[in-house]
Amino acid sequence: MIEFRNIEKSFFGVNVLKGVSFTVPPGQTVGLVGENGAGKSTLMNILGGNLPPTAGEMFLNGQPYAPASPRAAENARVAFIHQELNLFGNLSIAENIFIRGFPRKFPWVPWIDQRTIRVRTRQLLEEVQLARSPDTLVEQLSAGERQLVEIAKALALDARLIIFDEPTTSLTSRETDRLFAIMARLRERGIAMIYITHYLAHVQQLCDRIVVLRDGQVVGAGEKAELPIERMISLMVGREITQLFPARNTKPEAEIALDVRGISQPGIARNLTFQLRRGEILGVSGLMGSGRSELARILFGLDPCATGEIVLNGQSLVGLSPRERIQRGLAFLTEDRRAEGLCLEAAIADNAVLVSLPQFARGAVRLVDRNRCRSAVDKIREAVKLTASARSEQPVKTLSGGNQQKVVLAKWLLNEPKVFILDEPTRGIDVGAKYEVYRLINELVARGAAVLMISSEVEELVGMCDRILVMRRGEIRDTVSPHEFDRERILRAALHDGSIA
Amino acid sequence: MSSSSSSQLGLRLLNQASLILFAVVLLVFGVLSPAFFQPANAVNILIQTSSTGILAVGMTFVLLTAGVDLSVGAIMFVAAAVGGKLILGGWSLSGVLVVMLAIGVVYGALNALFITRLAIMAFIVTLATRYFGRGLGLRITETRAMNLPDSFYELGAARILGVPLPILIFAGVTLVAHLVLTRTPLGRQIYAVGADVEAARKAGINTRGVLFVVYVVCGLCAAAAGIVSLSQAPAVSPSFGNNREFMAIAAAVLGGTSLFGGRGAVFPGTVLGAVLIQTIETGLNILNVNSYLYPLIISGVIFLAVLLDAVRSRVLARVNRRRIFVEAEPT
């Protein structure tokens, strides 16, 4: 059906896919599993025509297949069901299915043949067992129903290959069962499927074959019987540790810096409780969509929480704005440095003093003391080891990723935070810069600050943290202490469904 | 579950807000003045609505794509200025009308070119072309008021089967616009682009083409609104069409069209909004309210309309909020 032959992909010299080869036989369902960053999305983007491969070939039914656009992939009858659905809420089900090309009543008049699209949609909805009128607006459907509309869309294309990317994350268990029943029927009809998910039990339940990716390579492939859940996990984690971590000479103190008691928010967080001590680095592990970044946003006051208590050095933070939380010593490095962490067009110096600017204001009219500002920037540049070649007046966007991240850190360090939340602090930066970031984190806790470090890289957490919380589906599933640090245990808690364990 | 269904209920109410508002306005004026409910008054309101109504129909196309066109008043002015010069220069009425409509199309195409090809924000582009149009119109008219011959006036006074021509034109424009938006691929694609440009592009829709068409339609409607306006008062003054864009936007938004794109309708929505604004004005007139108060009252209504739109968007965002797990279903 579809064959990947030695697919390679590199971004800016970094190899993301290193010679991936596997086959999806006709009418079979292949489960594609791997940690975040293993290369699953990149591979699927290549399959869907969003990205060209750097090297390698794909064959669809024996024919060379190299889609130049998503449209080309569709024309080859390859359909995608993404986690974020591509539906228009303001249009009806029928219109969503036919938006690419409406059948016309008369060939030369642009008049939609309403009867045809209704009849056709009704048939498709029957196939996916969705009991809704074709005229229902999509925004009135539940998440599960929308998913079924996406599948109906794929069927309308007469797809030969359907790729499901984490289709169950926003579904109730009943909706999930219904989805699986429909997938089983699609399989009987001879449609090949690729199923990507973190729920390994689902992979075992649904798939004929399983392919495990790690670091852009296929590390295991075979019939599902050959790859039970335990085997999949150990294949996924078998990564060599290449990163070095700076030594730390301080230990956590007894005093509690941040006390989080029972934070809950419907659909986002369930009864999150933990304590962060002065001088401690507490890691948060979990897959994308596990609620780790959402936890950070709640702690910082960007998102609401329905119940629960957040106490910073004895003061409750509930009801305070992010600004007031910053004044009380909280800092938050976001996972999206370019969009949320920096003003890219502005100068390094302006970015660095952004948070602490009020401290540099002077006199009755509160003008900024530029001399003091400049000397503070010079000092903090030194501390974060920003590249000497960059002038402070230079726009931040001209810096490398690592140096940009140092500017973000400088911005918060100038405010001397007591509790620093770091969300993916080393994402997209090179090994040398990572080491610098680790060193800065260690220095920060040595001075008595507390750090909550969220990361997709388990090695990083194991190398840096005093304890690690593991989150899944908005819950803390496990708390791991240093003597039990074990990638497999962490991954199992992050991946595994409670019902299976 | 219960919170989401109450949001759905709120959403439905908000979607009917213009209708509710209209009923309230009718009731208030009806109670205050018995003269208000006479049929002659209804016809009068419709005639006076027609120019702004046509303008608002064109504006609805643009707003549906989450854009805006601030130049429509200027387009009216330029078309009227050129039309006035030509008819005073001895052109036939039909020739003049064709030229005026063509000016609307070209002007709209110009806006569209800047917006789609140079990727400049619609707000900025049409703000610039608004000033350009007003300047151009003043130059053509040499800043003097132009009184037009009776041919325009006869157009406005004409009746077909007893229905005044301006109302017929308004009804015709509304009908065509409504059918285009609801029954043609282009219309549905306009809604898709307004809901999510990126998703529309991924679905293979020619988003630039769609945007181009909506600005051309808006320009064409502006020229037509200019013609209808001239037929009611056949004179081109230096302030002709000035600030009419805001009335058009207000009418569309009052009728439930969202400034955030993707939501709204020409019928009944925008038509209702336009009639509502005119009804308030006429009602205040009948009640002999100090005319200096009109702008204050109209501004209050516009504010209410935009507020409703904002509230509706927020409710919608709450309904569609991303969730990472689903609460256990009650068993």
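Student: Before we go on, what should I know about the model and its numbering?

Tutor: It's a predicted model: local features need pLDDT of at least 70, side-chain atom pairs count only at pLDDT 80 or more, and totals for chains, interfaces and linings use all residues. Residues are numbered from 1 along each chain as its sequence is written, with chains lettered from A and ligands numbered from 1 in the order in which they are written.

Student: How many helices and strands does chain A have?

Tutor: Chain A has 17 helices and 24 strands. Those are DSSP runs numbered from the N terminus: H or I of at least four residues for helices, E of at least two for strands.

Student: Switching topic, how many residues of chain A are in contact with chain B?

Tutor: 27 residues of chain A are in contact with 22 of chain B; contact means C-beta atoms, placed from the backbone, within 7 Å.

Student: Which element gives the largest share on the chain A side?

Tutor: S8(A) does, with 3 residues.

Student: And helix H13 of chain B, how far does it reach?

Tutor: H13(B), residues 266-286, spans 28 Å from its first C-alpha to its last, close to the 30 Å expected. The expected span is 1.5 Å times one less than the number of residues. Just after H13(B), Asn288(B) takes a positive phi of about 60 degrees.

How values were computed
Contact = placed C-beta atoms within 7 Å.
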